[in-house]
Amino acid sequence: MLSIPTLTLDDAKRVIAAAEAESSTQGQPSNIAVVDVGGNLVAHVRMDGAWLGSIDISINKAFTARAFDTATKDLGDLAQPGEQFYGIHASNDGRVMIFAGGIPLERDGQVVGAVGVSGGTGDQDQAVAEAAASAF
């Protein structure tokens, strides 16, 4: 039987804890989502006071980072008018997010999931996602 590497719920909890810590340090509550190798939601946290509208965005940032195995911040740069992925945000029934805060999670050089963060500025979301990814 073929075994596909992925992340576990314990992995997701560790990633979320690191994201919560960074978000608290910034004083900006976040929505934090972790998806598995298939882009399926494993865990999500909406910190007290985080925007309701950012729930879906955090989940979709994680999905996007896994679906394209790239940080959403980098994908955003490639999705601007005149660039090779212009219009990609309209694909996948609008689930593709092209701004900072989604990062693939790798184990042994292979993407096994992703984290998505939403609730602050792009720089804040990116910093929280980076803290989360480094805990993985």
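What follows is a chat about the sheet and helices of a predicted model.

Student: How many strands form the sheet, and in what order?
Tutor: Four of them, in an open sheet ordered E2-E1-E4-E3, with antiparallel pairing.

Student: Which ones are the edge strands?
Tutor: Strand E2 (41-46) and strand E3 (102-107), since each pairs on one side only. From one strand to the next, the twist averages 15°.

Student: OK, and E1 with E4, how many bridges there?
Tutor: Six bridges, joining E1 (residues 31-36) to E4 (residues 110-118) in the antiparallel sense. Ala33, for instance, has Gly116 in E4 as its bridge partner.

Student: Which strands does helix H2 touch?
Tutor: Helix H2 (residues 54-68) packs on the sheet and touches E1, E2, E3 and E4. The direction of H2 makes about 155° with that of E4. Helix H4 (residues 122-135) lies across E3 and E4, at about 145° to E4.

Student: Switching to H1. What should its 18 residues span?
Tutor: At 1.5 Å a residue, helix H1 (residues 9-26) should span 26 Å, and the end C-alpha atoms are 26 Å apart, so the two agree.

Student: Which residues of H1 are buried?
Tutor: Asp11, Ala12, Val15, Ile16, Ala18, Ala19 and Ser23. Down the axis of H1, the buried residues fall within an arc of 160°, so they line one face of the helix.

Student: What covers them?
Tutor: The cover includes E1, E2, E3, E4 and H4.

How values were computed:
Residues are numbered from 1 along each chain as its sequence is written. This is a predicted model: local features need pLDDT of at least 70, side-chain atom pairs count only at pLDDT 80 or more; totals for chains, interfaces and linings use all residues. Side-chain values use heavy atoms; hydrogens and water are left out. Two strands pair if DSSP finds at least two bridges between them. Helices (H or I, at least four residues) and strands (E, at least two) are DSSP runs, numbered from the N terminus. Axes are lines fitted to C-alpha atoms, for helices over the stretch in contact, and angles run from 0 to 180 degrees between N-to-C directions. Contact means heavy atoms within 4.5 Å. The expected span of a helix is 1.5 Å times one less than its number of residues. Buried means under 20% relative accessible area, exposed over 50%, partly exposed in between (1.4 Å probe, protein chains only). The arc is that of the directions from the helix axis to the C-beta atoms.
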